[in-house]
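Thanks for coming. I have one structure to go through today, and I will start with a single residue before turning to the whole chain.

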Amino acid sequence: MGSIGIQSSETEVVTIDVLATKSLIETTHVYLDVRTVEEFQKGHVDAEKVINIAYMFNTEEGRVKNPEFLKEVSSLCNKEDHLIVGCQSGVRSLYATADLLAEGFKDVSNMGGGYLDWVKKEFPVKIVDVTK
């Protein structure tokens, strides 16, 4: 486990691998998937406590940051909750983790490699059936 050079005002973002993530989400940690709803529905980390709040939206002009991201996370999570933030490859989650730390969340880690690494390790995934 190491850290990456993006810093919030108080602390540095800690990045953990998918193996560490798997063990932590089996305990008290909440998995916060910051991909779009469409990405999430196609397949996501199978965890008891998983939340999907998009950090960025796809628009005709490209990806734009969700202006309500911090408010949406704050409405579902306490600043003391143990959060692991993941996305598709680990980039959006890195920025989302930095924003959450800057907002005062205490225990937030970035899942390095994202969902792609999770799938590569053949860890459990869940797909949302939108036809129901």
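T36 is buried, with a relative accessible area of 4%; buried means under 20% relative accessible area, exposed over 50%, and partly exposed in between, with a 1.4 Å probe and protein chains only. This is a predicted model, where local features need pLDDT of at least 70, side-chain atom pairs count only at pLDDT 80 or more, and totals for chains, interfaces and linings use all residues. Residues are numbered from 1 along each chain as its sequence is written, and side-chain values use heavy atoms, with hydrogens and water left out.

Where is T36? T36 sits in the loop between β3 (30-33) and α2 (37-42). Helices here are DSSP runs of H or I with at least four residues, strands are runs of E with at least two, and both are numbered from the N terminus. Which residues does T36 touch, leaving aside neighbours within four places in sequence? They are N52, A54, M56, N58 and R92, where contact means heavy atoms within 4.5 Å.

R92 takes us to helix α4, which covers residues 92-102. Of the 11 residues in α4, 9 are buried. R92 is one of them, and S93, L94, A96, T97, A98, D99, L100 and L101 are buried as well. Just after α4, G104 has a positive phi of about 105°.

E122 also has a positive phi, about 60°, and E122 is not a glycine. Most residues other than glycine have a negative phi. E122 is found in the loop between α5 (114-120) and β10 (125-126). Buried or exposed, then, for E122? E122 counts as exposed, because its relative accessibility is 71%.

Now the whole protein. There are 5 helices and 10 strands. The radius of gyration is 14 Å, close to the 14 Å from the globule rule for 132 residues, so the protein is as compact as a globular protein of that length. That radius is taken over C-alpha atoms, and the rule is 2.2 Å times the number of residues to the power 0.38. The C-alpha trace spans about 45 × 35 × 25 Å along its principal axes.

Of the 132 residues, 42% are buried. Among contacts with a separation of 6 or more, 60% join residues 24 or more positions apart.
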